[in-house]
Each structure stands twice: as structure tokens, then as C-alpha cells.
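This briefing covers a sheet, the helices packed on it, a salt bridge and some backbone details. Please keep the structure open while reading.

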Amino acid sequence: MKSFISSVIDDVLNKHKSFNNLIFVLPSQRSCVFLKKEITEKSQSATFLPKIESIENYIQELADINLIDATQLLFEFYSIYQQNIPKENRETFDTFSQWATIALHDFNEIDSYLVNSTRFFSNLRDVKKLDEWFQDKKPSQLAINYLQFFEYLSILYEALYEKLKSNKFGYQGLIYKEATNNLEFYINNNRNNHIIFVGFNALNKAEENIFQELLNNNLATVYWDANQSFFNNSNEAGVFLRKYKKEWAYYQKNPFLWDSDAVPIHQNINLIGAPKNTTQIKYAGELLAKIENFSKTALVLADENLLTLTLNSLPNNVKNINITMGYPLKDIPLASLFDALFKLHLNQYKFNKETENLFYYKDVLSVLNNSFLNKLNGEILQKLIDEIKSKNNIFLSVELLKKYITPNEAGQLSTIFSLFYFSTSINKVIKQCIDLIKELKNYAEGVEKEYLYRFFTIFQQLETLNLTYKHITDLKSLTLFYTQILRTEKLSFQGEPLQGLQLMGMLETRALDFETVIITSVNEGILPGGKNDFSFIPFDVKKYFGLPTFQEKDAVFSYHFQRLLQRAKDIYLIYNTESDGYGAGEKSRFLTQLEINNPTIAKTTISPKVQHLNFPILQIEKTPEIMQKLQAVFTKGISPSALATYIYDPIRFYEQRILGIYEEDEVEETIAANTMGSVIHKVLEELYKPFIEKYLSKENIIEMQKNTETLLVKYFEKLYEKGNIETGKNKLIFEVCRNHIKRFLNQELQVLNQNKKLKITALEMKLSAEIRIEGIDFPIKLKGFADRIDELDGVIRIIDYKTGKVEAKDLKITDFSVLDEDYKYTKALQVMLYSFMFSEENKECLSQPFEAGIISFKNLNSGFLKMNFSEKRGGNDSFISQENINQYLIELKRIIFEILNLEIPFKQNQDLPF
């Protein structure tokens with residue numbers, strides 16, 4: 001079917017001999033481009049194009065006022081605010097800016113709809129007084145301040161209007177208002193021109209006045225894009241068109257172009273429900289993959305936030321694409337650099353570290369890890385990052401950072417270190433950001449240069465505005481403005497607007513037609529947008545003064561939606577089926593209306609295919625090089641923890657013992673479990689060390705209790721270097737450690753109160769032994785450290801401390817063949833290995849009672865948990881005998897032989913317990 005623009009040009013050519021003296025005005029720049037193309041194709045001979053412009057540019061010419069930049073407008077508004085509000089009532093720039101954008105939005109609507117500002121603000125104040133004033137008591141100071149705010153709004157509006165008008169700059173509403181004031185002059189000076197308005201729908205009051213005056217003076221023609229369905233009273237899409245046709249005097253005598261010419265065509269309409277945004281966009285990509293020619297295809301994003309996801313989901317057959325939306329600056333990688341930089345310094349103030357010039361380690365790492373900075377000196381930065389993680393400093397100074405690397409390396413990082421010194425002058429801070437961008441420019445490639453240039457212009461604008469207005473006085477205000485600009489500003493795409501797929505937002509579709517239309521996010525709250533409280537003006541006041549409410553805005557979207565579909569052949573409307581708590585799962589009422597009017601519509605609910613991927617089990621064959629490394633490991637000495645790692649996961653054992661790969665160091669802001677365990681071990685070792693080869697007395701234990709806290713502080717400072725244990729989680733962990741040791745010593749005291757004799761034999765005793773395994777031609781060295789060996793009433797005890805939870809069942813074992821079947825038995829493996837090594841060094845121990853076990857600090861109520869070899873339920877057989885050790889050795893040798901067997905590969909454990 002012929003497009004709307006094509007029909008317009010045909011009609012214009014029928015009524016006008018040439019395009020001379022014609023001015024075409026359209027809703028958007030995009031529609032202007034398509035109109036130019038249509039005129040070019042329909043021109044019989046070479047000719048000059050008529051003047052074609054968007055409504056915004058046309059109104060600016062009519063008003064003779066230029067549109068002011070949103071950021072500059074805010075700065076100008078604050079200057080007006082300072083001049084007109086008493087000093088004692090003024091707010092800071094950052095507080096002001098949070099409500100000023102709402103006020104400016106309201107000012108814009110008041111002027112666009114030609115509202116009498118004096119009457120309006122008088123009514124608004126009266127309404128607010130009715131809301132806030134209570135007759136039975138005196139209003140609070142908060143209520144008085146609230147009412148005073150609306151008194152000030154009127155003053156600020158008048159002052160801002162006059163200031164902008166005198167400077168020939170204005171926000172859009174002001175420009176519209178001045179355009180209507182200049183209308184008589186414009187008409188008298190443009191009698192020879194004819195203005196053709198194409199594809200409009202919802203006009204503000206100023207536009208209505210302009211259109212009507214030009215029509216009444218026979219200086220204009222208006223082409224409305226509508227069919228007969230829009231004039232049914234039940235169709236909200238035609239609210240505005242019905243009003244104009246009925247109320248405008250011009251249409252009482254002249255035809256309405258057009259209201260019935262469009263003939264419905266056979267359409268293929270598909271309603272597709274898809275869970276979540278990703279599925280919607282991926283499905284849209286699948287639809288595009290089936291299309292061969294994109295010249296008449298549009299992918300419309302009702303939710304423009306999905307642009308990034310969409311660009312990453314386009315199929316390979318989309319060679320050319322025209323994008324009407326800009327790429328959000330907040331999504332550009334460079335944005336994170338300045339975010340991190342400002343956060344670095346803001347948190348310095350937050351933690352009160354500015355006098356010491358210390359920075360929070362996470363903020364430092366965030367800056368140093370930035371991909372753009374790593375283009376300067378990536379290798380040195382990564383070395384510095386590794387040092388930061390290993391040294392465990394929570395707060396860092398530049399001087400300390402320089403000590404982590406060589407003087408030569410520190411010199412190479414001078415540009416980066418300079419970022420840690422921000423001037424108190426905000427203009428100098430902005431200059432630093434500009435200088436950094438200039439430095440990064442030398443290392444940027446491709447599109448990165450576009451990113452840098454866009455941010456360069458942002459900081460230049462901030463620098464110019466602040467030199468002029470001097471409103472940004474601190475880093476917090478600068479950060480606030482930077483964040484606001486990122487949310488609103490976009491990076492424009494460049495391309496050929498008439499080729500390939502058209503990727504656009506809903507408003508950009510005005511006056512355009514496509515054969516294939518794919519619209520995503522057709523949900524309530526998005527299409528239509530729903531209620532929006534971005535205003536200080538109550539609903540009833542808006543209604544009274546003829547300002548647009550959510551009802552009018554819904555009608556606007558309804559028109560755009562229906563108009564876009566009316567000439568399309570293939571239509572795909574995709575909505576999100578999943579509710580996220582904000583109504584996103586409710587499909588748009590526009591779809592329900594379509595279903596009622598078109599019962600034959602195809603309805604589908606899709607879901608992504610869940611592919612069951614069978615990842616191959618990781619398996620490492622043992623090469624001669626690996627066997628050589630294994631021999632070195634077992635000759636040097638294998639510990640119980642290494643054998644436990646093999647039982648947990650052979651691949652983990654391979655990574656750690658063969659490849660030497662361990663988990664990367666991280667800064668311990670909160671005390672880690674292993675640090676906590678090490679501290680408790682060290683404190684107990686020092687408490688008991690004076691009593692080695694001695695029998696303990698009650699007085700000894702009491703003395704230990706007195707020294708506990710001092711030793712805890714000592715070892716936390718040593719093992720948790722530079723960490724804070726005075727506040728937060730670390731304070732709690734410190735108290736937990738103190739409680740563990742206190743309870744343990746109380747248990748020791750209870751033992752002594754029972755008149756039992758407790759002798760400390762050794763602490764942190766180094767144990768080792770060699771064994772021979774049949775089939776292996778080198779001796780296997782076993783090694784380890786026993787936390788404590790003592791003698792209780794003549795019974796030798798090997799004790800291993802565990803800060804984690806261990807239960808008696810973990811040490812009950814009757815069949816040693818299960819040792820490598822379940823990770824929980826690794827505790828028994830460890831304790832028995834200590835028993836074997838101790839018995840090898842002390843042969844006589846087996847001739848007397850001999851026990852081994854664990855003291856679990858998370859299960860202290862169970863006391864000393866012993867190895868239990870009893871086969872009876874509830875039975876207790878805790879003494880270690882030569883027979884037990886021999887049975888254990890058979891299984892230990894089997895496990896070691898498996899590790900050293902060339903034929904048995906390291907195979908990934910797929911059922912890891914943790």
C-alpha cells in the first residue's frame with residue numbers, strides 16, 4: 001500500500017504546480033528525511049527541494065528564540081533562584097537541582113498550553129493551602145515551608161521567563177508561547193509562502209493556535225494521518241483528531257485531510273508473549289533473520305532502555321541499520337572511569353580520611369582496574385593490584401602504593417597517581433578530567449575515540465558553565481551533575497537513514513509507514529506509559545487549566561500505535577509475560593483491543609529452549625612430566641590436607657600440587673574463616689607453650705584466661721595485617737574467638753576440677769614418616785603438624801583443633817575402605833595419619849592407651865571427639881591399636897598408589913560437597 005507521505009506528495013503536486021514557496025513541517029527529523037526522498041523520486045526533472053523542517057525548528061524560527069541546553073537552563077534557573085529567594089531560605093545547588101527539573105517541566109507545560117500564569121499560580125497556591133492548612137490547629141513549620149515553596153514558584157517562573165526571553169534563549173514551552181505572540185507579524189511577512197503540516201496528531205494549545213491562524217489565512221494545509229476508525233467515539237486514538245474536526249472553524253467549511261481515504265488491507269498480525277526482556281529481543285532477532293529485504297522493515301523498541309541488548313542480538317543478515325535512538329552515555333565503558341574516580345574521593349570524605357589522604361581499597365582497585373587506565377600502564381597496574389590484595393590494607397595512601405612497586409614503575413604511573421590528588425577548586429578538578437581524556441586519546445582505538453570525544457565535550461560544557469555561573473562548589477555537586485548528564489545525554493549514531501533496517505523508538509515512527517513492523521515491550525506501563533508523577537501540579541488543577549494528564553498521554557500512544565499498524569502487512573507485537581512487581585507482566589490494553597476487533601489474530605507464547613548441555617567430565621591424563629612432578633611432591637612430603645584435596649576433587653589437587661595454581665589473594669575487609677582459625681591456633685599455642693612437659697594446674701588455666709585478650713589482639717594484628725577489629729563484623733568475629741577460647745579453657749578447668757592429671761607433651765609438633773608402596777620405586781614421605789599432644793590420666797591424646805563444626809559421627813569408622821568415598825571422612829584420614837606418624841616416631845606409645853581426635857570449637861559441648869572403631873551402635877572403641885593403623889595404612893597406600901598410577905587420570909568430581 002502507498003505510504004502516507006507518498007500520498008501527501010501526490011496530493012500536493014496535484015494542487016501546486018511546483019514546490020516553490022512551499023514549506024513542509026513534520027513531527028520529527030526522521031520524517032523530514034523520508035519526505036525528501038519521496039519528493040526526489042516523484043520529481044519529473046531536476047529541481048530545488050522545498051524547505052523541509054521539523055516542528056521544533058519551525059517554531060524556533062517563528063519565535064526568533066533559540067532552544068537552551070537543559071544543563072545550561074538549570075544553571076540559569078539557579079542564578080534566578082539566588083537573586084529572588086531570601087538567603088536564609090536558599091538551598092544548595094545539588095539540593096535545588098533535585099526539584100528544579102520538575103519545576104522546569106511544569107513551566108514548560110504551562111507555556112506550551114498558553115496558560116495564564118498569574119491565574120494558574122494563584123489557583124495552585126489556594127489548592128495547596130486547602131491541602132495543608134488545618135483549622136483546628138496551627139500549621140507546622142513543614143507545612144508553612146511547603147506553602148512558601150509554591151509562593152516562590154510563581155516568582156521564579158516570572159523572573160526566569162523574562163531573563164531567558166531577553167537573552168533570546170528559551171525552553172520549548174517559552175518558545176511556543178513567544179511563537180504565538182509573533183504569529184501576526186509572521187503572517188503579514190509570509191503571504192507568498194504556503195506551509196504544509198504533515199502527520200500531526202496531539203497538538204499543544206500553542207500549536208493549535210498557530211495551525212488555526214495559518215489555516216484561516218489560507219497560508220497552510222494540514223494533512224492528518226487517519227482513517228475512519230479514528231473517528232469512532234470509542235477509539236481513544238482519535239481523541240485529538242475528533243476535537244479538531246469538530247471545533248476548528250476552518251473545518252466547518254473545508255474538508256478534513258484525511259479521514260476516510262485509507263482502505264484496510266489484509267494483515268498478518270501476531271501477538272507473541274515472551275518471558276523477560278532478553279527473550280523478547282532474542283525472538284525479535286530470530287524474526288529478522290527470516291527477512292531478506294529490510295528496506296521497509298522497522299524494529300520499534302517501546303522500551304528504549306533495551307537498545308544495548310538489541311544491538312547485541314541482531315542477526316548476521318542485518319548488514320545496514322539506521323538507529324534513531326542515541327546510545328546512553330551511562331552504558332559506555334568510559335562512564336565507569338569517572339564514576340570510580342569521583343567515588344574514590346567522595347568516600348574519602350565519607351570515611352573522614354581526607355586529612356591523612358587515605359583511600360578505601362575497593363575504590364582504589366575500582367580505579368586501577370579500569371580498562372581505559374590499563375591502556376596506559378596495564379602491566380604495572382596489575383602488579384600493583386596484586387600487591388594491594390596481598391598486603392591486606394583497608395585504607396591506602398599514594399605513598400604506600402608507590403612502595404609496592406619500584407621507583408621507575410611509580411614514575412611511569414605519575415598520570416594515574418595524580419588522579420588521587422583532587423584540588424579543592426572544582427574548576428581544576430574538571431580540568432584534570434579533561435587532561436585525562438586528552439592523555440587517553442593517544443591510546444584509544446576505533447569507537448573509543450568517539451567515547452572520549454563525547455565525554456570531552458561534557459566536561460568542557462561543565463567547565464564553561466561553572467566559569468560563567470560558579471554554582472558547582474564541591475565534588476558532590478559535580479558528581480550529581482555528571483550523573484544527571486549521563487542519564488539524559490546520548491551518543492548519536494551515524495549512518496545512511498534510508499538504507500537497511502530501521503531501529504527506532506515509538507515517537508520516531510510518526511508519519512512513517514513500513515510493511516513489516518516488529519514492536520517489543522507492548523506492556524502496560526510502557527505502551528502506554530501510564531501515570532507519571534513527574535510534576536508539582538495536581539491532577540484536578542491540570543484538568544481545569546487544560547494541561548495534559550496521563551489520560552491524554554495514553555491517547556497519544558494509542559494513536560501512534562494504531563497509525564503505525566494501519567498500512568503494515570506483517571505485524572509482530574511482542575510483550576513480556578513475566579510480572580516483576582511493577583505490572584510489567586500485564587500485556588498492553590492495546591493488544592486486548594486488537595484481539596477484540598480482529599478475532600483471527602495469531603496468538604503465541606514462546607519460551608527459550610533450555611538446552612541440556614552435557615559438559616564432558618574434565619580428565620587429565622598423566623604424562624611423564626606430570627609423573628615427574630608427582631614424584632617430587634611425594635618425595636618432598638605430602639600432607640593430610642593435600643590428600644583431602646585429592647579426595648574432594650582430583651582436578652583441584654592437580655591444579656594446586658602440579659600446576660601450582662591457588663585461589664587469588666583478596667583483601668580481607670572482614671576476617672576470613674582461615675584467618676580466624678589461625679589466630680585461635682596461635683593464641684592456644686602461646687598460652688600452653690610455657691607448660692610443655694608439665695602437668696597443668698587450675699592456677700595455670702586461670703592465668704591463661706587473663707592473657708587471652710592480649711594475645712588475641714597481638715595475633716589479629718599480626719595475621720590480619722592493618723585490619724580493623726574495633727567495629728562492625730570484625731568486632732563480632734573477635735568476640736566469637738574470645739568466647740571460643742574462654743569456653744575451651746573453662747572445659748580444661750572442669751577436667752582439672754575432677755582431679756584428673758593433664759600433661760602437655762607437645763604443641764604444633766612436626767611429624768613425618770616414610771612408607772614404601774609396592775609398585776612405586778621411591779619412598780613416600782608423609783608430613784604434618786599435630787596441634788597438640790597431651791596425656792590425660794595416662795592416656796596419650798593427639799588433638800587437632802577445628803574452628804569449623806565436626807561431629808562424633810565424622811570420626812566413627814569401622815571400614816577404612818570408605819576413606820576416599822566421602823569427603824567427610826577426610827577428618828578421620830587426617831587424625832589417623834597423625835597417629836601413624838606419631839607412632840612411627842614413638843614406638844612405645846602403642847603399648848599404652850593411645851587416642852586421637854578433634855576439638856571442634858563450634859561443637860565444644862561434645863568435648864574431645866575421639867576416633868571410634870566400634871561396630872556397635874552407640875558403642876565406644878577409641879583406643880588406637882597397631883591393628884587399626886595397619887588397616888588404615890592399607891587404604892592410605894591404595895589412595896597414594898591411585899594418585900601415582902600412570903594409567904589412572906585425574907578425573908573431575910562432579911558431586912562436590914561444597
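**The sheet and its surroundings**

An open sheet of mixed pairing is built from 6 strands in the order 19-20-21-22-23-24; two strands pair if DSSP finds at least two bridges between them. Helices (H or I, at least four residues) and strands (E, at least two) are DSSP runs, numbered from the N terminus. The model is predicted: local features need pLDDT of at least 70 and side-chain atom pairs count only at pLDDT 80 or more, while totals for chains, interfaces and linings use all residues. Residues are numbered from 1 along each chain as its sequence is written, and side-chain values use heavy atoms, with hydrogens and water left out.

- Strand 19 (694-695) and strand 24 (864-866) are the edge strands, each pairing on one side only.
- Strand 22 (residues 795-802) and strand 23 (residues 850-856) run parallel and are joined by 7 bridges.
- Within this pair, Ile796 stands opposite Phe850 of strand 23.
- Helix 32 packs on the sheet and touches strand 20 (758-771), strand 21 (780-792), strand 22 and strand 23; contact means heavy atoms within 4.5 Å.
- The direction of helix 32 makes about 55 degrees with that of strand 21; axes are lines fitted to C-alpha atoms, for helices over the stretch in contact, and angles run from 0 to 180 degrees between N-to-C directions.
- Helix 34 (residues 882-900) also packs on the sheet, touching strand 20 and strand 21, and its direction makes about 150 degrees with that of strand 21.

**Helix pair**

- Helix 30 (residues 673-688) and helix 32 (residues 728-753) have axes that come within 11 Å and cross at roughly 40 degrees.
- Helix 30 and helix 32 are therefore oblique to each other (angles under 35 degrees count as roughly parallel, over 145 as roughly antiparallel, 65 to 115 as roughly perpendicular and the rest as oblique).
- Residues in the contact include Met676, Ile680 and Tyr688 of helix 30, and Ile733, His740 and Glu748 of helix 32.

**Salt bridges**

- The count comes to 48 salt bridges, each a side-chain nitrogen of Lys or Arg within 4 Å of a carboxyl oxygen of Asp or Glu.
- One of them joins the side chains of Glu236 and Arg589 (3.7 Å, N to O).
- Glu236 lies in the loop between strand 6 (220-224) and helix 11 (239-247), and Arg589 in helix 26 (residues 589-597), 353 residues apart.

**Backbone details**

- Leu257 and Trp258 are joined by a cis peptide bond with omega about -10 degrees.
- A cis peptide bond also joins Leu527 and Pro528, with omega about 5 degrees.
- Lys470 is not a glycine, yet has a positive phi of about 60 degrees.
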